[in-house]
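This report describes selected features of one protein model. Please keep the sequence and the structure in view while reading.

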Amino acid sequence: MPYNHLNDYPADIRERASRVRLACFDVDGTLTDGRLFFDSQGVELKAFHVHDGQGLVLLRKSGIAVAFVTARASVIAEQRATELGLEAHTAVKDKLACVQEIAARLGITLDEVAFMGDDLPDLRVMSQVGLSVAPGSAHPWVRERVHWRTSIRAGHGAAREFCDLLLAAQGHADTLLAEVTRLQGERIEGKA
């Protein structure tokens with residue numbers, strides 16, 4: 001069955017999403033629910049949603065570059081990016097300059113970049129990219145200034161919702177779903 005939810009998105013968002021070749025994500029409040037946990041030794045802990053991780057990997061496998069761009073120094077964010085095969089830029093003072101450098105290295109324009117963020121440090125870069133996205137739980141000042149908002153809260157699959165939009169807008173969703181169905185059929189036949 002073909003992916004049929006693409007028309008749920010406004011035409012301008014589908015068009016913007018179809019051009020994206022680099023998807024950048026803030027971490028705290030975007031890939032996590034925004035809460036910061038520290039153990040008794042002061043070691044930071046974060047919780048990432050597995051659906052988000054799957055979506056990020058699907059983007060990468062579909063030819064869309066993915067990068068974490070966060071102002072916080074975070075070994076955990078670096079480890080999560082490595083685990084998923086993604087770039088991580090932590091302790092970033094100027095997110096726009098960082099994204100411009102990544103885009104230049106990839107040979108793409110900012111119009112081909114998407115950025116997902118949730119609060120004031122993300123606004124400058126979000127105002128310059130082709131598609132800016134906020135999770136449903138983003139600060140109101142950010143939510144009202146982006147191209148699109150997810151219906152899902154940060155840390156609960158909001159990044160996956162965004163990834164699914166990109167995959168569908170670029171025609172990858174049907175191919176991915178067909179591949180999963182084919183593999184499931186092979187496993188079922190192999191058990192018989």
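In strand β6, Phe115 is the bridge partner of Cys24. This is a predicted model, in which local features need pLDDT of at least 70 and side-chain atom pairs count only at pLDDT 80 or more, while totals for chains, interfaces and linings use all residues. Residues are numbered from 1 along each chain as its sequence is written, and side-chain values use heavy atoms, with hydrogens and water left out.

Strand β1 spans residues 22-25, and strand β6 covers residues 113-116. Helices (H or I, at least four residues) and strands (E, at least two) are DSSP runs, numbered from the N terminus. The two strands pair in the parallel sense over four bridges; two strands pair if DSSP finds at least two bridges between them. β1 also pairs with strand β4 (residues 65-69), again in the parallel sense and over four bridges. There, Phe68 of β4 is the bridge partner of Phe25.

Both faces of β1 are covered: Leu22 and Cys24 are buried on one side, and Ala23 and Phe25 are buried on the other. Buried means under 20% relative accessible area, exposed means over 50%, and partly exposed lies in between (1.4 Å probe, protein chains only).

## The sheet as a whole

Six strands form an open sheet with parallel pairing, in the order β5-β4-β1-β6-β7-β8. β5 and β8 (148-149) stand at the edges with a single partner strand each, so one side of each has no neighbour in the sheet. Strands of a sheet pair through backbone hydrogen bonds, either parallel or antiparallel.

Lys95 belongs to helix α4 (residues 95-106). Is this residue buried or exposed? Lys95 counts as buried because its relative accessibility is 7%.

The side chain of Lys95 makes a polar contact with the side chain of Asp122 at 2.5 Å. A polar contact is a pair of N or O atoms within 3.5 Å; within protein, one must be able to donate a hydrogen and the other to accept it, and residues adjacent in sequence count only if both atoms are side-chain atoms. Leaving aside neighbours within four places in sequence, Lys95 is in contact (heavy atoms within 4.5 Å) with residues including Asp26, Val69, Phe115 and Asp122.

Ala91 lies in the loop between β5 (87-89) and α4. Ala91 has a positive phi of about 55°, although it is not a glycine. Most residues other than glycine have a negative phi. With a relative accessible area of 38%, Ala91 is partly exposed.
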